[in-house]
Amino acid sequence: MTVREALSAAAARLKAAGVESAPLEAQLLLAYVLRRDRVWLTVNRDRAVAAADRARFQRMVRQRCIRKPLQQILGETEFYGRRILVDRHVLVPRPETELLVGQVVERWRTRYRTILDIGTGSGCIAVVLAGELPRARITATDISARALAVARNVIVSNPPYIPTASIPGLQPEVAQFEPVTALDGGSDGLLCYRRIAEGIGTRLRPGGLLAVEVGDGQASAVAELARCSLPGAAVETVEDYCGTPRIVLATVPQR
Ligand SMILES: C[S@@+](CC[C@H](N)C(=O)[O-])C[C@H]1O[C@@H](n2cnc3c(N)ncnc32)[C@H](O)[C@@H]1O
């Protein structure tokens, strides 16, 4: 079987399984198996695929056909220009979260020293911030009052924000393969924001920054929580590439 035949058979199977961009995903999987890039596949369309590679490729295609996320199959993804390892225990980093990281990087300047990443999952936020802001002291952790005490300069979080009842209706890649603890934000999706808001009032320094990613339709409620728990803070929202308010930022006033 040639590269072209392998790709075309795989793309047909992926398409039948409802995978969007089936030809592209077939290429990404075969390129991964052969340790080549997609250009190589195009240039070498008539080259034979060795039996062992073919078997591995077909195994991966079968996994993708049951809608296991591509990134989980590959074991990695790209986030903010860096390679991040992922498996079924962590949320696959999303492009919206790159926006959150970009906001923190942009606002860092020289005024912050410590950062706490609450609910770090794959570590994507902390890893990228560590690379982009080499002078920052970064703690990546879970949600707890003790953890909150560690960093008082910037608190960044992409917490679980999907309302519990909406989870079964998400696309299969998410609902069936990603950890529910990374998705479930309680009955209205706001549970984690309330927990963060409860702990934050006395913990951010004057001039400190809270930066969180929010779900669709949640920005105004989260902004209100930030205003209540950080009186006097300048609260802003930032839209994602679709024009949906996606990031809430609250800067504590300087004394
Ligand atoms: C939406 S995921 C974000 C993961 C990663 N920061 C990202 O942006 O891709 C939320 C993370 O918070 C963690 N988490 C949720 N509730 C938690 C809790 N009560 N205690 C500790 N961690 C929690 C989950 O395990 C998950 O890794």
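Strand 3 (residues 114–118) and strand 5 run parallel and are joined by 4 bridges; strands are DSSP E runs of at least two residues, helices are H or I runs of at least four, and both are numbered from the N terminus. Two strands count as paired if DSSP finds at least two bridges between them. The model is a predicted one, in which local features need pLDDT of at least 70 and side-chain atom pairs count only at pLDDT 80 or more, while totals for chains, interfaces and linings use all residues. Residues are numbered from 1 along each chain as its sequence is written.

**Parallel strands**

A residue is buried if 20 or more other C-beta atoms lie within 10 Å of its own, exposed if 12 or fewer, and partly exposed in between, with C-beta atoms placed from the backbone.

Strand 1 (residues 76–79) and strand 2 (residues 82–85) run antiparallel, joined by 4 bridges. The two strands form a hairpin with 2 residues between them, and tyrosine 80 in the turn has a positive phi of about 50°.

Arginine 83 lies in strand 2, where glutamate 78 stands opposite arginine 83. Arginine 83 counts as exposed because it has 9 C-beta neighbours inside 10 Å. Neighbours within four places in sequence aside, arginine 83 is in contact with Glu76 and Glu78; contact requires C-beta atoms, placed from the backbone, to lie within 7 Å. Arginine 83 and valine 128 are 45 residues apart in sequence, and their C-alpha atoms are 9.7 Å apart in space.

**Helix packing**

Two packed helices are described by the angle between their axes and the distance between the axes. Axes are lines fitted to C-alpha atoms, for helices over the stretch in contact, and angles run from 0 to 180 degrees between N-to-C directions.

| Helix pair | Angle | Axis distance |
|---|---|---|
| Helix 2 (residues 22–34) and helix 4 (residues 51–65) | roughly 140° | within 10 Å |
| Helix 6 (residues 95–108) and helix 7 (residues 124–132) | about 35° | 10 Å |

Helix 2 and helix 4 are therefore oblique to each other. Angles under 35 degrees count as roughly parallel, over 145 as roughly antiparallel, 65 to 115 as roughly perpendicular and the rest as oblique. The residues of helix 2 that meet helix 4 include Leu29, Leu30 and Val33, and those of helix 4 include Phe57, Met60 and Val61.

Between helix 6 and helix 7, Thr97, Val101, Val104 and Val105 meet Cys124, Ile125, Val128, Leu129 and Glu132.

**The chain as a whole**

The chain contains 11 helices and 8 strands. Its domain assignment gives domain 1 (3–66) and domain 2 (91–251), with bounds that come from an automatic or database assignment. The C-alpha centres of domain 1 and domain 2 are 36 Å apart. Taken along the principal axes, the C-alpha atoms fill a box of roughly 70 × 40 × 30 Å. Of the 255 residues, 38% count as buried.

Note on methods. Contact = placed C-beta atoms within 7 Å.
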